[in-house]
Amino acid sequence: MTAAMTRIELAPEVFDDFDRFFDHIAQFDVGSAPQRIAEIVDAVQILATSPLIGRPVKGGKRELVIGRASRGYVALYRYVAPIDTVFVLAMRSQRESRYKNNS
């Protein structure tokens, strides 16, 4: 018997965040940009089996820390238990002080 997987939805703004990361990475190592974005997407998949793994932040949201240092990112998300869905609202580099879309 397999466990049910939590659904993961990405807000449209998250794709803007990925574009920003891609542009930044491409300035320094264009060959690694697609792989780095794939690593971020793969890391977010942990939320399908552990939706409460992220640290709680204000407003009922949570943050998932992915990687570290120059390869570190933070995913802002909200888990809605009644519909067993994670909504990824924004992403930022750990070096950025806030999310670009003010989530």
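Helices and strands here are DSSP runs, at least four residues long for a helix and at least two for a strand, and they are numbered from the N terminus. By that count the protein has 2 helices and 5 strands. The model is a predicted one. Read from the N terminus, the elements follow the order β-α-α-β-β-β-β. The protein has a radius of gyration of 14 Å, close to the 13 Å that the globule rule gives for 103 residues, so it is as compact as a globular protein of that length.

Some overall values come next. The C-alpha trace spans about 45 × 35 × 25 Å along its principal axes. Of the 103 residues, 36% are buried. The protein exposes about 6400 Å², and 55% of this is supplied by carbon and sulfur atoms. Among contacts with a separation of 6 or more, 46% are made by residues 24 or more positions apart.

The strands can be taken together. They make an open sheet of 5 strands in the order β1-β5-β4-β3-β2, and the pairing is mixed. The edges are taken by β1 (7-10) and β2 (55-57); each has a single partner strand, so one side of each is left without a neighbour in the sheet. From one strand to the next, the twist averages 35°.

Strand β3 covers residues 61-66 and pairs with β2 in the antiparallel sense over 3 bridges. Within this pairing, P56 stands opposite R62 of β3.

E63 is also in strand β3. Is E63 buried or exposed? Its relative accessible area is 10%, and buried means under 20%, so E63 counts as buried. Leaving aside residues up to four places away in sequence, E63 touches G54, R55, V57, V74, A75, L76, Y77, R92 and Y99.

Now for the helices. Helix α2, residues 33-44, lies across β1, β3, β4 and β5. The angle between α2 and β3 is about 135°.

Which aromatic residues form one cluster? The members are F15, F18, F21 and Y73. The structure holds 3 aromatic pairs. In one of them, the ring centres of F15 and F18 are 6.3 Å apart and the planes stand at 80°; planes over 60 degrees apart count as edge-to-face, so this pair is edge-to-face. Both residues lie in helix α1, where they are 3 residues apart, about one turn of the helix. Their accessibilities can be set side by side: F15 is partly exposed, at 45% relative accessibility, whereas F18 is buried, at 10%.

Another of the pairs is formed by F21 and Y73, and this one is tilted, with 4.7 Å centre to centre and 50° between the planes. F21 lies in helix α1 and Y73 in strand β4, so the pair ties together parts that are 52 residues apart in sequence. Both partners are buried: F21 has a relative accessible area of 4%, and Y73 has a relative accessibility of 5%.

S93 is located in strand β5. At 13% relative accessibility, S93 counts as buried.

The last stop is the loop between β4 and β5, where D84 is found. With 25% relative accessibility, D84 counts as partly exposed.

Technical notes:
Residues numbered from 1 in each chain as written. Predicted model: local features only at pLDDT ≥ 70, side-chain atom pairs only at ≥ 80, totals over all residues. Heavy atoms only, no water. Pairing = 2+ DSSP bridges. Axes fitted to C-alpha atoms, helices over the stretch in contact; angles between N-to-C directions. Contact = heavy atoms within 4.5 Å. Rg over C-alpha atoms; globule rule 2.2 N^0.38 Å. Buried < 20%, exposed > 50% of the residue type's maximum accessible area, 1.4 Å probe, protein only. Areas by Shrake-Rupley, 256 points an atom, 1.4 Å probe, with all protein chains shown as cover. Phe/Tyr/Trp six-rings, centres within 6.5 Å; stacked < 30°, edge-to-face > 60°.
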